[in-house]
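Look through the model first, then read on.

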Amino acid sequence: MLYESAQFEPLTDERWDPARVGDAIAAIVADADAAFDFDALWPAHEWDGWKAPLPMKNLYVGAAGVIWALDALRRRGHAETSLDLAGAALRTLELERAAPDFMAGEAHSHPAALLRGETGPLLVAFRLASDPALADDLHALVRDNVTNPTDDVMWGAPGTLLAALAMGEWTGELRWEKAARESAEALRARRGDDGLWRQDDDYRGLGTVHGAAGNTLALLRFEPDEALAAETAAVLNRAAFREGDLANWPGSPRPQLPGGDGHIRLQWCTGAPGVLAGACDYLDEELLLAGAELIWRAGAHGDEKGHGICHGTSGNGFALLKAFARTGDERWLERARRFAVHALGQAERLRAANGRGRYSLWTGDVGTALFAAACLDLDARYPILDIV
């Protein structure tokens, strides 16, 4: 068994209609606009705000991610927000500095983390306000994170390497290339003989947010390296679990697919969707298509996981969009769009049932809007990791 069918539901039969999709994206943006409060930012879903001081500010499940998504949708011409995004971003950064939203007991917490620390709100604030003082603060965080022993995109140097690359593109300042190189060299030096990196004492991840696919993605965005790509492809090939023409991956290499809790994941943060999204460009094509076929056959995530891009329907759909980008086979585009229509329907239904949306980039409505927009634009770049 490569996935747990009880976690999934059949995809909607509703057809792909660009006008309907555009209206759904606009509705998500309008709801986010209406829910914003200058002091409280956005209300947090229970899972997103678990054991953390509210409001949530970070890039992963907090206000910085919502602001980044609203700006991205505006820049790409999909919906116009009514918010002062620069003001909201600066307020988010102010609140993050006053009360960092680390989870209680989180061993990996670090102020320089891209997705769960101050780097994310700083990056978004600079993107919108362009204050040189913010750039100086961000540069210090990037350099401070070089020695962080948690080598993953969420907390460690791979994430702040991506931040340095974005700042280099936006500013043209040479200091960012130097900072990116410092991070890349340290990351390469810490890679183990098995082709993996350490996330904690007993975990060496395979995926994109916590593992080899994400770390390799960051290094390849810094500079092309065919040898590194081939070596990571070999690691992912060895770690894959296959049944006929289907494939899935555990979070880290082990003799069985289920994790320590006995569950099998098939989502962006753990499993085939994340491996495909992070390693699409160099993964063996037969293996990539085996993972994509499993995602398609499984269908949409149920409401427990939801519609988001982390562990929900949209995250799985992004992997199908990656398969289209790699192969040019429009069957994968059509399938990705089926996932997008379903995810938008989930978001709309849950928003009506709960009386409000879910306000985060990775787990909420704006991430789903970005996935739907990607299907409209034929743009398979995953938020932040591919397109900061």
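**Backbone and salt bridges**

Ser130 sits in the loop between helix H4 (119-129) and helix H5 (132-144); helices are DSSP runs of H or I, at least four residues, numbered from the N terminus. This is a predicted model: local features need pLDDT of at least 70, side-chain atom pairs count only at pLDDT 80 or more, and totals for chains, interfaces and linings use all residues. Residues are numbered from 1 along each chain as its sequence is written, and side-chain values use heavy atoms, with hydrogens and water left out.

**Backbone**
- Ser130 is not a glycine, yet its phi is positive, about 55°.
- Ser130 is partly exposed at 46% relative accessibility (buried is under 20% relative accessible area, exposed over 50%, partly exposed in between; 1.4 Å probe, protein chains only).
- Ile384 also is no glycine and has a positive phi of about 65°.
- Ile384 lies in the segment after helix H14 (365-377) and is buried at 0%.
- Leu54 and Pro55 are joined by a cis peptide bond, with omega about 0°.

**Salt bridges**
- The count is 30 salt bridges (a side-chain nitrogen of Lys or Arg within 4 Å of a carboxyl oxygen of Asp or Glu).
- Asp71 and Arg75 pair at 2.6 Å, N to O; both lie in helix H2, four residues apart.
- Asp71 is buried at 4%, while Arg75 is partly exposed at 46%.
- Glu94 and Arg91 form a salt bridge, with their closest N and O atoms 2.9 Å apart.
- Asp245, Glu293, Arg297 and Arg335 are linked in a salt-bridge network.

Definitions and conventions: Helices (H or I, at least four residues) and strands (E, at least two) are DSSP runs, numbered from the N terminus.
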